[in-house]
Amino acid sequence: MKIAFAGMGVMGAPMAGHLKRAGHDVTVFNRSPAKAEAWAAAHGGRWAPTAKDAAEGVELFVLCVGNDDDVRQVVTEALPVLAPGAVIVDHTTTSAKVAREMAELAAASGRTFLDAPVSGGQAGAENGTLTVMAGGDAAAFARVEPVLGAYAKATRLMGPAGAGQLTKMVNQICIAGVVQGLAEAVHFAKCAGLDTTAAYEAVSKGAAQSWQMDNRWKTMAENRFDFGFAVDWMRKDLGLVLDEARANGANLALTALVDQFYSEVQAMGGSRWDTSSLAARLEDRRR
C-alpha cells in the first residue's frame with residue numbers, strides 16, 4: 001500500500017520500519033524534521049516536511065503522536081489530501097472522545113478513522129510484537145489488518161469508534177495495579193531481609209506470576225528504571241482513564257491512588273523513569 005506514517009518517536013520509527021521492510025511505499029513525517037530525515041536515511045524511504053505533504057494521495061495514514069491535540073492537528077491537516085476511501089489508523093493513546101470526533105470528521109469526507117492504540121512498549125514496536133486494540137468500521141479494519149501485522153502479533157476490533165481507546169484504558173488500569181503490587185512485594189522482600197532473587201524464583205512459578213514480575217522484578221530490586229515507557233506518559237494515560245471513569249461512573253480507587261504515587265515519582269525527578277519506578281518511591285520512603 002501507499003502509506004504515510006506520522007510520528008517518528010520510539011514507537012513510530014520502528015513501526016514504520018516494519019512497514020517498509022514488508023514492501024509498502026512509506027513516507028514519514030515528524031514535527032522535528034531531523035527524526036524523519038534519519039528514518040529515511042536508515043530505511044530508504046521518504047520523508048515529508050508536513051503532514052499534508054506526507055498524506056498526499058495515500059491509501060493508509062498511520063499516526064503515533066503525543067496526545068489528543070496532536071491527533072486533531074495532524075488528522076485535520078492530512079484529511080483533505082488523502083486518497084478517496086483512505087483509512088486513518090491512529091496508534092496514539094488518546095481519549096475516546098477525540099477518537100469519536102475524528103471518526104465523524106473522516107466519515108464526512110469519505111474516509112475512515114480507526115482508533116487503534118497499542119500495548120507492548122518500545123520493545124514490542126522494535127520486535128514487531130505489539131498488540132493492537134481497535135475501534136471503528138469493521139470493513140476498514142479488515143482492509144488494513146493484514147498491513148498492521150507487519151508490527152503486531154495480535155489485532156482485535158473491539159467495537160465502534162472509541163472502543164479501542166477504552167480497551168487501552170483497561171490495559172493501563174491493569175498495569176498500574178500490577179506494578180504497584182510488584183513494587184510493594186520487592187520492597188517487602190528487602191525489608192524482611194530476603195534474598196530478592198530467591199524470593200522471585202519461589203513465587204514466580206505460581207499464581208503471582210505476571211509479565212511485569214518476569215521482566216521487572218530483578219531491575220526493580222536493583223533500582224534500575226530505564227526501560228522505555230516513561231512516568232510522564234503513564235500519568236497522561238491514567239489521566240485519560242480517570243476522566244473517562246468520572247464520566248461513566250466507574251470506581252477506580254486503586255488507579256487514582258497509583259496515579260498519585262506516580263506524581264510523587266515525578267517530584268523525585270523521575271519523570272523519564274519507566275513505570276516500574278514505583279519501587280523507587282518506596283525505597284525513598286524507607287530511607
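**Exercise 1.** How many aromatic pairs does a search of the whole structure find? Classify each pair and place its rings in the chain.

*Solution.* The model is a predicted one. The search of the whole structure gives two aromatic pairs.

Step 1. One of them is formed by Y200 and W217, with 6.2 Å from centre to centre and 40 degrees between the planes, and it is tilted. Planes under 30 degrees apart would count as stacked and planes over 60 as edge-to-face.

Step 2. Y200 belongs to helix α9 (residues 196-203) and W217 to helix α10 (residues 211-221), so the pair ties together parts that are 17 residues apart in sequence. Y200 and W217 are both buried.

Step 3. F225 and W273 also pair: their ring centres are 5.9 Å apart and their planes stand at 35 degrees, so this pair is tilted. F225 is in the loop between α10 and α11 (231-248), while W273 is in the loop between α12 and α13 (278-286); the pair links distant parts of the chain, 48 residues apart.

Step 4. Determine the burial of each ring residue in this pair. F225 has 10% relative accessibility and therefore counts as buried, since the cut-off for buried is under 20%. W273, at 28%, counts as partly exposed.

**Exercise 2.** Is T255 buried or exposed, and which residues does T255 touch?

*Solution.* Step 1. T255 is placed in helix α12 (residues 253-267).

Step 1. The relative accessibility of T255 is 4%, so T255 counts as buried.

Step 2. Leaving aside residues up to four places away in sequence, T255 touches I173, L238, V241 and L242. Among these, L238, V241 and L242 are buried residues of α11.

**Exercise 3.** Which ring does the charged end of R281 sit over?

*Solution.* The charged end of R281 sits over the ring of F261, at 3.6 Å from the centre of that ring. The cut-off for this distance is within 6 Å.

Key:
Residues are numbered from 1 along each chain as its sequence is written. This is a predicted model: local features need pLDDT of at least 70, side-chain atom pairs count only at pLDDT 80 or more; totals for chains, interfaces and linings use all residues. Side-chain values use heavy atoms; hydrogens and water are left out. Helices (H or I, at least four residues) and strands (E, at least two) are DSSP runs, numbered from the N terminus. Buried means under 20% relative accessible area, exposed over 50%, partly exposed in between (1.4 Å probe, protein chains only). Contact means heavy atoms within 4.5 Å. Rings of Phe, Tyr and Trp (its six-membered ring) pair if their centres lie within 6.5 Å; planes under 30 degrees apart count as stacked, over 60 as edge-to-face and the rest as tilted. A charge sits over a ring if NZ of Lys or CZ of Arg is within 6 Å of the ring centre and within 35 degrees of the ring normal.
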